[in-house]
Amino acid sequence: MIRTLGLAALLAGGATMALAQAKTLTPGQEVDMVLLPKFLGILVFDQAHEGAQEAHAELQNPGELLFQGPTPENSVAGQIEIMTTAGTQGVGAVMLSNNAGDQIVPAAQAAQQAGTKVVTWDSPIPNGQGEDIFIAQVDFEETGRVMADMAHEIMGGEGQFAVLSASPDAANQNAWIASLEEVLGADEKYANLELVETVYGNDQSEESYNRALALVDSHPDLKLIMAPTTVGIQAAAKAMQDEGLCEQVKVSGLGLPAEMASYTLNGCAPQFALWDFRDLGYLTYQVAYGLATGQLTGEEGETFVAGRMGEYTIEADPGREGAKRVLMGPFTVYTAENVEGAAN
Amino acid sequence: MTRVSPGALRLLALVLVLLLVGAFFASQIENYLNARLFNRISSSVAIVALIACAQTLVILTRNIDLSLGAVVGFTAYGTGALVTAVPDLHPALLALAALGIGAGFGLVNGLLVAYAGVPSIIVTLATMAIFRSALVEFSDAQSITTDSLPDWLVAFPNLQLFAIGGVQFRAAFVAAVVIVIFVHLALTRLRPARALYAVGSNPEAAEMAGIDVRRTVLAAFVAAGALAGLAGLFFLARFGNITVVAGLGFELKSIAAAVLGGVNIFGGAGTVVGALIGAILVDLIENSLVRWDLVSEFWREAVLGLLILSAVTGDALLMRRLQRLRIRRDKAAAPVPKEATP
Amino acid sequence: MAAPVLALRDVSKSFGATRALSGMTLELWPGEVHAVVGENGAGKSTMIKIMTGVHAPSTGGVEVDGRPVTLSGPREARAKGVSAIYQEPMVFPDLDVAENIFISATDLGLVQRRGLLRERARELIARIGMSLDPDRVASGLTLAEQQAVEIARALSQDVRVLIMDEPTASLSAHEAGELRRIARGLAAEGVAVVYISHRLEEIFEVAHRVTVIRDGSHISTRPIAEVTPERMIAEMVGREVGNYFRKDESHATPEVLLSVRGLGVEDAFEGVSFDIHRGEVLCLAGLIGARRTDVALSLFGIRPATAGRVLWKGQEVRIGSPRAAMALGIAYVSEDRRKLGLALPLSIRSNVTLATLGKVLTRWGLMRERAERAVTQGYRERLNIRMADADTPVGKLSGGNQQKVMLAKWLETNPQLLIFDEPTRGIDVGAKAEVHDLIRQFVRQGGAALVISSDLPEVLALGDRILVMREGRQMGVIPHEAATQEGVMRLATGQDRDAA
């Protein structure tokens with residue numbers, strides 16, 4: 001059974017539905033689109049691409065949908081370059097999973113001035129500048145709560161745990177960790193959960209693996225490693241399994257069922273969560289198409305129908321002042337019961 | 001009079017530096033020196049040692065290979081895909097495939113450097129990006145996952161061969177050390193291997209002495225590629241989950257390990273055993289830093305650079321001191337040179 | 001003996017528009033030491049490169065044992081028994097002696113057997129009458145020892161023709177004698193030895209026959225007994241050489257420019273004391289290892305003195321760096337043109353102004369190309385530098401012209417004391433005389449010169465006084481009037497010590 005935790009999203013959607021009539025997007029308008037992931041060669045980005053392709057076909061856009069990304073060793077500079085090129089070539093919209101922090105802002109603003117819409121997804125531009133709208137996979141606060149809940153359940157309500165993140169300047173990861181800390185501090189329920197350290201494995205197997213082991217060595221009483229990154233959670237689970245530490249230290253976080261199934265079944269990573277990247281790509285495309293064709297204004301409170309996913313509303317981003325977002329939700333939490341089904 | 005050879009002297013200096021670094025961290029980090037640390041470091045050294053060894057072969061000929069990390073990544077992925085497709089593949093064939101894929105990449109580098117005459121730093125800078133992009137293309141964004149790998153492969157890196165107390169000697173580490181020793185013996189005992197040193201030592205003289213300089217450089221790149229390929233297989237076995245970023249940054253790590261290990265960056269001198277110790281030193285520093293509370297996440301890279309720099313400097317100074325001592329001793333022992341008479 | 005072991009038949013070689021060799025014919029017979037002489041740029045190096053397969057002839061052919069062959073490279077030449085050793089030996093500094101000797105041996109099996117290698121290395125070294133530890137690393141060998149290693153390497157490959165290119169240029173007199181003995185010994189064993197040298201006196205000692213070449217053409221080949229030095233020089237230069245061995249009168253003034261008392265550098269030399277007057281040439285003579293260059297390096301601040309006093313125009317000074325030395329007016333024209341003297345890939349004009357960049361800079365720190373060209377042109381005329389244009393890389397010039405560019409660089413600093421270290425090594429007779437003239441001109445105009453030279457005729461021709469050193473000690477100072485080659489040699493070899 002799939003447990004969904006999308007209350008906030010449902011509430012937000014319901015509240016605004018009453019205020020405005022949901023817009024339906026007219027298909028068939030021609031506009032070129034660029035989907036720009038952090039870098040090429042990562043499964044979740046390809047899944048987002050599939051979702052975007054699905055929406056592209058559904059909306060019968062005669063224009064092109066380009067999937068362009070930098071190579072892994074050149075992510076930041078490559079993203080800036082692709083953004084700049086997209087602006088000068090006058091594409092309708094760039095859909096960006098930002099890995100360049102605020103460094104992307106000048107290129108994104110230049111693209112906007114050239115008439116290109118900049119829609120971020122997965123990871124936004126931290127200061128919100130140069131961005132029209134952010135398609136949030138889940139509410140950041142929600143992420144914190146989901147992680148806190150998984151930690152609470154796995155650790156039996158008390159003990160030490162640590163966070164293994166990607167890079168120190170990944171906007172989405174940092175926001176999630178911040179919200180996790182906030183949730184831990186705000187709710188009495190989590191009073192006995194102690195977050196002892198946050199470390200970074202830079203989304204590389206080797207580094208994440210070694211950092212996970214270092215955490216275990218530095219904190220003898222550690223009960224859990226929480227890794228809100230698909231590379232990190234897998235590396236940490238493998239490290240615990242290799243060193244025979246699964247009984248002592250559990251792993252949780254955000255992971256891909258296909259990669260995590262064996263660890264969930266053998267108890268190394270009893271629970272982890274994720275959203276559907278295909279849906280994220282699909283929704284992102286819908287919004288970008290609407291903005292680029294002028295059918296959506298992108299103003300707060302605007303409500304629209306995103307194809308098969310139903311109605312969504314544009315709202316202020318609570319995490320970033322002055323920025324706007326569309327919240328997708330919900331999370332899926334995977335356990336030994338449902339992981340195998342999702343893995344295939 | 002027993003005389004310590006310069007090579008042995010260098011290894012001695014290196015081991016001293018290694019002990020000093022260890023002692024320093026032991027004084028800083030609680031519960032530091034124990035069998036677990038050895039197990040941790042030995043496991044990750046297994047991979048780094050192989051690429052350091054590969055880099056050494058190339059550096060010996062006055063070249064450099066920046067594409068080694070990409071080769072590791074590609075081979076890890078390629079062998080992973082192969083063994084996923086053919087789960088019953090014999091281990092020896094899989095190892096052969098890893099060597100072959102790596103050697104293929106090395107061949108590309110070697111041909112461009114040796115026969116097209118393009119400087120190796122340019123060639124491998126380009127092929128680093130090209131090999132990595134080829135991996136992105138080849139992988140089609142799919143990851144290799146642990147459960148698609150055969151059990152023997154996943155179990156291999158942590159297979160405990162023997163243990164002394166809590167200190168475990170695991171298969172991958174032992175295999176890497178055996179390979180390094182094997183390459184070391186080949187370099188010191190095989191006559192054709194001398195050509196590597198000759199070419200790096202004085203390319204002009206090598207040409208004059210009738211050594212085929214180009215073929216020697218090509219051979220170095222091919223051998224380095226093959227070793228990196230093997231490292232790729234080890235990488236696959238250890239981490240199981242292989243994405244397109246696998247092995248990113250290994251090229252720099254391999255250079256650091258080789259240089260720390262006393263391999264002359266200008267070619268002609270150095271041993272792979274030195275590179276092995278260099279790899280251990282780099283890993284020791286890296287693993288210790290992440291356990292050292294004093295250094296924050298954001299300063300870790302800088303401190304790592306600083307420590308490597310001071311280790312190299314310390315090693316160079318120590319070396320000079322030891323050498324001078326040796327010369328003094330030789331002078332004192334040697335008879336006064338006989339003066340020529342016309 | 002039906003055919004020469006190696007022969008060039010009417011060989012010509014052009015590089016672009018430049019014709020380096022034209023119609024060169026040379027026959028080498030087993031058992032002879034065949035000297036080849038000619039000015040720099042006469043085509044000797046090109047000839048060697050054709051014999052060793054580095055270059056292919058443009059026209060004409062190479063014969064081995066009377067049969068035409070095509071040599072594709074040094075490897076094939078070696079396989080046919082043709083090897084060469086050079087002034088700067090081609091050894092591998094990181095390998096030991098035995099490994100150096102057998103680096104390209106093919107008959108020693110795949111696995112290196114140290115014992116066998118060492119033993120065979122010893123045999124070869126003994127065969128040329130040297131003694132060298134096969135385990136020593138080559139980087140610690142003297143030049144003479146490195147050459148011995150190269151000869152042994154050639155012998156290990158059954159050498160039939162051994163080309164020695166300026167082998168004694170960097171050797172002390174004793175070492176050079178040893179080398180000539182080795183050359184004669186090899187000839188006695190049936191090897192054809194090609195011996196190239198600028199030291200005419202040694203050619204008369206070693207050669208059986210001598211070939212003179214000039215401007216890429218063959219001039220003469222004669223048995224040594226039929227040649228005189230004067231005739232040989234005349235043939236080489238194609239003109240009468242004026243004052244090579246002539247010493248003009250001293251221009252020394254009473255004014256002491258530099259005074260050195262008890263100068264020493266730890267582990268190098270000690271107790272060196274002398275005065276140099278304005279207008280004087282003081283020569284430093286000695287064998288290799290006498291540490292004469294160290295004296296120069298300490299006076300130029302590269303290896304500052306650790307003992308003694310230095311007085312410049314009567315004032316005590318400390319010369320701690322080349323910058324300090326240059327500020328006083330001391331310049332050092334080094335022995336090693338490649339390492340310390342010139343930036344070979346840079347243009348002539350960049351090299352000339354290298355030490356005096358300030359002079360050709362604008363107020364804004366930019367180079368004034370026109371000024372640089374003018375400066376270079378001035379020296380080109382004054383020093384008779386033969387060059388295509390000022391933008392040619394210095395590396396393309398002949399040794400003599402390189403030396404002149406280096407001299408120009410230092411003259412541009414307007415020095416009062418010029419230290420020359422082996423100023424005419426490896427340059428031809430004509431250029432030698434020109435360099436001597438320039439040194440004399442410099443002192444006549446009020447400068448002083450300290451000249452280090454291993455070439456005794458040069459020392460006697462140039463020096464107003466001759467300071468002889470041996471193993472880091474001053475053996476004595478001989479005034480020009482009392483100096484003879486024998487007298488200098490006796491001091492340099494320690495058979496005699498000046499009473500002073």
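A: To begin with chain B, its secondary structure comes to 13 helices and 2 strands. Its radius of gyration is 21 Å, close to the 20 Å that the globule rule gives for 342 residues, so chain B is as compact as a globular protein of that length. Please keep in mind that this is a predicted model.

Q: What box do the C-alpha atoms of chain B fill, and what share of chain B counts as buried?
A: Taken along the principal axes, the box is roughly 80 × 55 × 40 Å. Of the 342 residues of chain B, 52% count as buried.

Q: And in chain B, what share of the contacts between residues at least 6 apart in sequence join residues at least 24 apart?
A: In chain B that share is 78%.

Q: On to chain A. How many helices and strands are there in chain A?
A: Chain A has 11 helices and 16 strands. A compact globule of 344 residues would have a radius of gyration near 20 Å, and chain A agrees with this, because its own value is 20 Å. The C-alpha trace of chain A spans about 60 × 45 × 40 Å along its principal axes.

Q: What percentage of chain A is buried?
A: The buried residues amount to 58% of the 344 residues of chain A. As for contacts in chain A between residues at least 6 apart in sequence, 74% join residues at least 24 apart.

Q: Then chain C. How many helices and strands there?
A: Chain C contains 17 helices and 20 strands. With a radius of gyration of 24 Å, close to the 23 Å given by the globule rule for 500 residues, chain C is as compact as a globular protein of that length. Its C-alpha trace spans about 70 × 50 × 50 Å along the principal axes, and buried residues make up 50% of the 500 residues.

Q: Into which domains is chain C divided?
A: Chain C is divided into domain 1, residues 6-237, and domain 2, residues 256-492. The C-alpha centres of these two domains of chain C lie 31 Å apart.

Q: Changing topic: which pair of chains shares the most contacts?
A: Of the 2 pairs of chains in contact, chains A and B share the most contacts. There, 29 residues of chain B are in contact with 32 residues of chain A. On the chain B side, helix H2 (35-60) and helix H5 (120-139) each supply at least two residues, and H5(B) gives the most, with 6 residues.

Q: How does that side of chain B divide into nonpolar, polar and charged residues?
A: The side of chain B that touches chain A has 11 nonpolar, 12 polar and 6 charged residues.

Q: How far apart are the nearest C-alpha atoms of chain A and chain C?
A: They are 35 Å apart, and chain A and chain C do not touch.

Q: What about chains B and C: how many residues does each give to the contact?
A: Chain C gives 24 residues and chain B gives 22 residues. On the side of chain C that touches chain B, the elements giving two or more residues are helix H2 (74-79) and helix H6 (173-188) of chain C. H2(C) gives the most to this side, with 3 residues. By class, the side of chain C that touches chain B has 13 nonpolar, 6 polar and 5 charged residues.

Q: What is Ile419(C) in contact with, leaving aside its neighbours within four places in sequence?
A: Its contacts beyond those neighbours include Ala296(C), Leu299(C), Phe300(C), Ile330(C) and Leu450(C).

Q: And the strand around it: are the faces of S17(C) covered or uncovered?
A: Both faces of S17(C) are covered. Leu417(C), Ile419(C) and Asp421(C) are buried on one side, and Leu418(C) and Phe420(C) are buried on the other.

Q: Which strands are joined to S17(C) by bridges?
A: Strand S16 of chain C, residues 330-333, runs parallel to S17(C) and is joined to it by 4 bridges. Strand S18 of chain C, residues 448-452, also runs parallel to S17(C), with 5 bridges. Phe420(C) is the bridge partner of Val333(C) and stands opposite Val451(C) in S18(C).

Terms used. Residues are numbered from 1 along each chain as its sequence is written. Chains are lettered from A and ligands numbered from 1 in the order in which they are written. This is a predicted model: local features need pLDDT of at least 70, side-chain atom pairs count only at pLDDT 80 or more; totals for chains, interfaces and linings use all residues. Two residues are in contact if their C-beta atoms, placed from the backbone, lie within 7 Å. The radius of gyration is taken over C-alpha atoms; the globule rule is 2.2 Å times the number of residues to the power 0.38. A residue is buried if 20 or more other C-beta atoms lie within 10 Å of its own, exposed if 12 or fewer, and partly exposed in between; C-beta atoms are placed from the backbone. Ala, Val, Leu, Ile, Met, Phe, Trp, Tyr, Cys and Pro count as nonpolar, Asp, Glu, Lys and Arg as charged, and the others, Gly among them, as polar. Domain bounds come from an automatic or database domain assignment. Two strands pair if DSSP finds at least two bridges between them.
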